[in-house]
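Here's a friendly walk through a protein model. Take a look at the sequence and structure below, then read on.

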Amino acid sequence: MSPSDASAAAETEAKFTSALPADEPPVNRRPLSSQDNDGSHHKEKLPVEESVEVDVDLENENDPEISQIPLEVRRVVSLHDDTTLPTLTFRYFLLSVIFVIPGAFLSAMNSFRTTYAPYSVFFVQIASNYFGLWLARVLPSRQVRIPFTNQSFSLNPGPWSVKEHVLITVTAASGATGNLALTPIALGDLYFNTRVHPAAAIFFMWSIDAIGYAFAAIARQVLLYEPAYPWFQALCQTALFETQSKQNKNPTPTARKQMRVFWLVLLGITLWQFLPEYVFPMTSSLAFLCWVAPHNPVANFIGSGLGGMGFLNLSFDWANISNYLAGVPLFLSPWWSQVVLFASFVMSCWVLLPAAKWGGLGNYPHCLMTNRACTADGGRYPVTDLVTPQNTFNQTAYEENGPLYLGVHYLWSIFFDYASYVSAYSWIAFFGAGQIKEAFQKFRARRKNKGQGINHQYTDRLNVLMRSYPEVPLWWYVALFLAAFVAIMTMVGLDIMFIPWWTFLVALATGAAVVVPLGWLYALSNYQLPIGTFNELLYGTMVQNLKTNRSPIGASVYGSIAGDAWYRAQYMLQDQKIGHYMHVPQRAVFFSQVFGITMGVPINYAAMRWIVDTKRDYLTGSVVDAAHIWTGQSLAGSLTMGVQYVLLGPTRLFQQEQFRPLPYAFLVGAGAPALIYLLHRLFPRAKFNLWNTTIFFSGASIFYGNVSTGYFSRFIGGFVVMYWAYRYRYQLWAKYNFILAAAFDAGFNLNMLLIFLCFGSARVIGMPNWWGNDAGNVEKCYALE
């Protein structure tokens, strides 16, 4: 590569990492008059969809409609549309049901695991394409009349449509996911012998999803149509849709090769994952220091990735490497965000953990690697004793057991969680205010021009194409919100869901307030910020002086309402961005999303009931899972937060010596972006703007007490994929990166489904112990405390 090319590539990398529109790297610019390496001229171009692999190669890159679209986007999406393609067909409904049911079950099961890779929407995307092609061949083209109406539909409206394909995948992405309301419902059952009626539980779960979807209307006007916001997850799925569409219509050599690579990698990952997940658990955490000194407590703690620091620990388990709890997928997140996340991991595990273990950090030597509440001498705190039958604080039990303590690691996790929440607002104020202000101005302009959709406020090609379809009217979102609002207000008014009715209104307000800033962060960096701890703190502040409604489950209920408002809004925006990229009618996308959650929620509840009934001892901590998978870590953390914020209350809690530093986290979260902004203005070439404090603080807030492996492996993989390959092998990266992302996640989830069906559905069949599945310790860390 020449110096000029290297300089251009470096400039392109910088623009990509800041998620702004970038010029195409010189190595990928292919003028129509160019020649192949052997000197032969390209053949004359035929219609775009049939003869070229990237639409932008036939476009003038100086055309304003094209130049506004970021490089990564215009190298993937089609710049042409066929408005006659069918959308909501019989095939759509049939395949949606087939793929949502198992996905909803597996996703709910993931909610109780320590690490996981989600039910892959890419698996749905691949499998539904083949099913759709098959149905298009075998279904009769007979018209079926809808009873009691004059309407009818065709069982087979013609060739398999890419828009049907997109809508099936969007439905699965909406319905085949977990639900935050599973946590309070499971907590009541596991720890307080309180089982919410199934109908009430299902209506509550659906309603918090629907509220989140309604809240998407707040941010979609700002974040969805602006071409500078790439939404990398949406772009990844779009790349696969485009490849499959070309393969279906007129397979090119490249499309055939991409699909061959996808299937080979998917098969390889599916087979490989039997080793770390079942046959050979040792491969999930290679603790080299434990191999050298298996009975040395210090070496064990430093090297273990399952209860230790995870220093130089490698994992070959995709569940640990991908670990979506960390929020930064290896194949989909810019390199700068992966560096920031790894830096937070290093600080938390390789600096603070040894400081707390051997340096006296925090002045509380017990319970370092647990997120359960403890007594002064390190015993397990009987938190359920603090609740009276009337759901009030049991002062007598508190005086008998003494103050509640948290391990230092869990304490700094809470500290950085507070900081990350405030940092999100501060960061957007310093670095994103201009972009959001411009988007709001366009929104206001649209309101002045009655009859014109928001697509008319943008002039890039994608928005121009979407002008062919009517926008989703605002009243659809309002109706969705009102239905959910009435359902939840009825339940909290009848005291079914453990919170006072007026706190539900506050939860709605706080949920609405975070949609735009956190959506902006996700749209640019592919990082989803978890915001649970702050919600629980706010709820505890509101109810700490009440005489009733002091159940610790209430904090989790409140957090599920406020948190799901953001999470579901993000899901809706992301999938609507896919529809935008693939030119699918907006109203069809909206329907498919609501249809998805309506199908998925009852399956979520059924899966939760099965997990709670069969894994109860693991989840409560009565029995230890040797693989550290069914630890109930998330449930234990939610229970601890509920006790400390609701029963003890923030006022009493922060007066305790151990908790006094926590309020300063809000100052740190507000001040850190200001410092980074100052450094960025003083040294603009140093790229301080990439050191996103929100991602750093959120990474440091992850509790690594059960699993600290996978992060080093992810950092190495991210360097290869998102730095080296993107920078020096861009054409190869553009051709295969998103395909590999789909294959890895789909292979893992297929493997997890096979393990469940073969070894855990009817009767649990455990793997016999052997050298790679050591009964004493799968890592050979025999002295790990």
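## A buried valine

V170 counts as buried, with a relative accessibility of 2%; buried means under 20% relative accessible area, exposed over 50%, and partly exposed in between, using a 1.4 Å probe and protein chains only. You'll find V170 in helix α7, residues 162-175. Before going further: this is a predicted model, where local features need pLDDT of at least 70 and side-chain atom pairs count only at pLDDT 80 or more, while totals for chains, interfaces and linings use all residues. Residues are numbered from 1 along each chain as its sequence is written, and side-chain values use heavy atoms, with hydrogens and water left out.

What does V170 touch, leaving aside its neighbours within four places in sequence? V170 is in contact with D575, V589, S592 and Q593, where contact means heavy atoms within 4.5 Å. The C-alpha atoms of V170 and G596 are 8.0 Å apart, though 426 residues separate the two along the chain.

## The whole chain

Stepping back, the protein chain has 31 helices and two strands. Both kinds of element are DSSP runs numbered from the N terminus: helices are H or I with at least four residues, strands E with at least two. Of the chain's 785 residues, 59% count as buried. Take the contacts with a separation of 6 or more: residues 24 or more positions apart account for 80% of them.

Two packed helices are described by the angle between their axes and the distance between the axes. Axes here are lines fitted to C-alpha atoms, for helices over the stretch in contact, and angles run from 0 to 180 degrees between N-to-C directions.

Start with α5 (residues 90-110) and α6 (residues 121-138): their axes are 11 Å apart, at an angle of about 140 degrees. That is why α5 and α6 are called oblique to each other; angles under 35 degrees count as roughly parallel, over 145 as roughly antiparallel, 65 to 115 as roughly perpendicular and the rest as oblique. On the α5 side, R91, L94, L95 and F99 make the contact, and α6 brings F123, V124, A127, S128, F131, G132, L135 and A136. By class, that gives nine nonpolar, two polar and one charged residues. Ala, Val, Leu, Ile, Met, Phe, Trp, Tyr, Cys and Pro count as nonpolar, Asp, Glu, Lys and Arg as charged, and the others, Gly among them, as polar.

Helix α5 also packs with α31 (residues 730-759), at about 90 degrees and with the axes 12 Å apart. So α5 is roughly perpendicular to α31. Here α5 uses F105, L106, M109 and N110, while α31 uses M752, L753 and F756. This contact splits into six nonpolar, one polar and no charged residues.

## Helices α10 and α11

The axes of α10 (residues 232-249) and α11 (residues 253-272) come within 9 Å and cross at roughly 120 degrees, so α10 and α11 are oblique to each other. Which residues of α10 and α11 make the contact? They are T243, Q244, K246 and Q247 of α10, plus A255, R256, Q258 and M259 of α11. Two of the contact's residues are nonpolar, four polar and two charged.

## A loop asparagine

N371 sits in the loop between α16 (335-358) and α17 (395-401). Is N371 buried or exposed? N371 is buried, because its relative accessible area is 7%. Apart from neighbours within four places in sequence, N371 contacts Y410, Q633, A636, G637, T640 and F703.
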